[in-house]
Amino acid sequence: MESGLKQVLDYTWKDVNSSLDTMRTMFDLVRLVDAEECREVFVSKDGMIEFGRECYAVWNADHRCANCTSFQACHTNTRKNRTEYFDGKAYQIQSVPVRIALADDTVYSCNIELINFSNLLVNGGDKVNPEKDEWETSGYLATHDKLTGILNWDGFCRKVREMLSENPDVTYMILSANIRNFKLLNNLFGRNTGDEVLVGIADILSDLFADKSVCARTGSDIFAVCTPKREEHRRLLFEGVKRIKALINSPSYHLNIHIGAYEVDNVNLPVSIMFDRSYMALQSIRHNRDKVIALFDNSMLENALHEQKVISDFEHNLKSGQFIIYLQPQVNKDGKIEGAECLVRWLLPNGTMVPPFEFIGILEQSDLIAKLDEYVWELAASQLHSWKGTEFENMYLSVNVSPRDFYYIDVAETFRKLCEQYEIAPEMLHVEITETAVADETQNNKPTISLLQERGFVVEIDDFGKGSSSLSMLKDIKADVLKIDMGFLRQSENTKRGNIILQSVIDMAKRLNMGVITEGVETEGQLKNLTSFGCNMFQGYYFSKPIPVAAFEKLVKERE
C-alpha cells in the first residue's frame, strides 16, 4: 500500500468484506480492529458490527502494546507502518484507518491491520530489542488515569466490553458527566485545586458505583460510568451531584455538573458509540442550569445525524446555489417601501424549503456561519447591482452580521471590496449588527463599526431590547439606526408600562440622532401606536413576510 493512497478509506458494509478478502492474498493476516476497545471486529451479513477476541491475542500476549500502531493510526487518522517485536520475532504491521457506513446509517470508525509474520528470530532469539520492554511491561498505565487512579478511555472501553460479554442477561447504563466551565475553575482557584476536584469526582463516582460497575476519566473534565441498570440510579446520581457541588465552597463560583445516560439496548454497538449517545443526552442540557440529568432517546440520534449532514454537505450546497435570499420590506409611515432586510433561505433541489431554525444554529455552533453570511452579503451586493438603472435603484438592502463573523472575517474590508466589485454605493448596503456583537468586549468591535461608518455604510443595531446591556452599549456606540424588537414587550402583562418604555426608547434614539425601525409589527393597532410614539420606519408581517426577490419587486410596484 503506497503512501500516496488515501490516509482514511471509506467503505459500505456491503463491500468491506470483499475488499478484505482481496488484501488477504497479499498479507499473512488481515483483520479489522477497534483500537479504542482493543478488539477484533467483523461486519455481519446484516451490516452490523460484531466483536471478537482482544486484538493482542494474536501475539499470545496478555495486554496491549503500550505503543500500539493501530491506536496511533486511529487517533491521528493517518496510516502507520511499523515493525513490532515480541518473543524474539518480528512482525511487519500496517494499520489503515477506515470508516464503514453500516446498515443503520451509522458511520463506524476502526482500522484495517495488514500483518506479515517473520519466522526469523531477532538476535538469535535473545530478547534484547529495545522495543520488547514496551511490549511486555505491565499495561497498567496504558489503561488507567495517572491523576485519579481510575480507568482512562482505553481501559474503560476494554472493561465495558468484558462486562457486556460476560453478563449478556444484565441491562447496563452508560453515564457521562461533564463539569460546566471547568476552565473557569482552574483560572479562579489554580490548577492544583482543579486537580483536587477531579480526584474528588473520581472518588465520589467510584464510591456511588462500586458494585459491578466501572468508572473512568475519559477527558480533561469528562467522566464515564458503566453500571447495571437499577431503580435507585436517579437517587444515586442526585446524591452524587450534591456531593460534587460541595467540593467547591465559594460565593464566586458554583460547581455545576451535567450527566447524560444511555441504556444499552444493543450490546454489539461499539463502546465509543454507546458513550457518544450518553454524551448526546448530556449535550442536550449543557446550556440549562436547572436540569442536571438527561436520558438518551432516538430523537437525539436523529438530530445528531441531521447536524452532521448539514455540516458535511454545507460546502457543496453553498456552491450549488441552494442558499438564496428572501427580502422582508421595510416601510415608512406613509406606506412606501424604502428597502428590505435580506434573510437567508435554504431551497433544496426538489423545491423543499428548509426552515432557518433547522440549520442556522448548527452552522453557528460549527463556526460555518461566517461563510454563509459572507455568501449572503455577496448575493445582496449582486442584487443591488442588478437594480442599477431600474425602478428599484433607490432601494437599499440590509444584511446581518453574526457575532462570530468578527472572529473569522475582516468585516469592514469585506464590505468595502463588495461595493467596489459590484459598483454600488456603500449607503445602499446597510449592515445589521446584533446587540450581542456590539457589546462583546472580548472582540472590541467598536473600531470596525466606526470604520464602516467612515466608509459610508449605514450601521444598524439589531434586536435592541433582547440583550442585558442595551443602554450601556448605546453610550459608547454611535450607530445610525436602532432596530427595536417588539418581542421583548409582547410578553408583558402590563401594556401601559410597555408603551412607556417603547416611547422612551424612540425618544432617546432620536435625541442620539439615530433612525428607528420597529420590527415585528403584526397589527394595524401596533402600527398606529408606534406612529403616535414618533417611529417612522416599520418591518413585520403586517406589511409582508419575507418573500423571494421577484415577489418583492412586484410588491414594490403594487404599492407605488
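Here is a chat about how the labels on this predicted model follow from its numbers.

User: What are the ground rules for the values here?

Analyst: This is a predicted model, where local features need pLDDT of at least 70, side-chain atom pairs count only at pLDDT 80 or more, and totals for chains, interfaces and linings use all residues. Residues are numbered from 1 along each chain as its sequence is written, and side-chain values use heavy atoms, with hydrogens and water left out.

User: What makes R31 and E40 a salt bridge?

Analyst: The rule asks for a side-chain nitrogen of Lys or Arg within 4 Å of a carboxyl oxygen of Asp or Glu. For R31 and E40 the N to O distance is 2.6 Å, so the pair passes.

User: What about E413 and R416?

Analyst: That is a salt bridge as well, with the closest N and O atoms 2.6 Å apart. The two residues are 3 residues apart in helix 14 (residues 411-422), so about one helical turn separates them. R416 has 29% relative accessibility and is therefore partly exposed.

User: Which residues do shared partners join into one network?

Analyst: R31, E40, R53 and E113, through salt bridges that share partners. The count by this rule comes to 23 salt bridges.

User: Why is R161 called buried?

Analyst: Its relative accessible area is 3%, so R161 lands in the buried class. R161 is found in helix 5 (residues 153-166). A polar atom of its side chain lies 2.8 Å from the backbone oxygen of L269. Leaving aside neighbours within four places in sequence, R161 is in contact (heavy atoms within 4.5 Å) with residues including E37, F51, L269 and M274.

User: What makes the largest pocket a pocket, and what is its volume?

Analyst: On a 1 Å grid over the protein atoms alone, a pocket is an open set of points where a 1.4 Å probe fits, with protein on both sides within 12 Å along at least five of seven lines; lining residues have an atom within 4 Å of a point. The volume is the space filled by probe spheres set on the points, which are joined across faces, edges and corners. For the largest pocket that is about 1,300 Å³. Of its 36 lining residues, D276, M280, L301, A304 and Q308 are the closest to the centre. Elements giving two or more residues to the lining include helix 9 (271-283) and helix 10 (298-319).

User: And which residues are closest to the centre of the second largest pocket?

Analyst: That pocket has a volume of about 810 Å³. Of the 33 residues lining it, E341, L343, N400, D462 and E519 are the closest to its centre.

User: How much of the protein is buried?

Analyst: Of its 560 residues, 49% count as buried. The protein has 21 helices and 22 strands.

How values were computed
Helices (H or I, at least four residues) and strands (E, at least two) are DSSP runs, numbered from the N terminus. Buried means under 20% relative accessible area, exposed over 50%, partly exposed in between (1.4 Å probe, protein chains only). A polar contact is a pair of N or O atoms within 3.5 Å; within protein, one must be able to donate a hydrogen and the other to accept it, and residues adjacent in sequence count only if both atoms are side-chain atoms.
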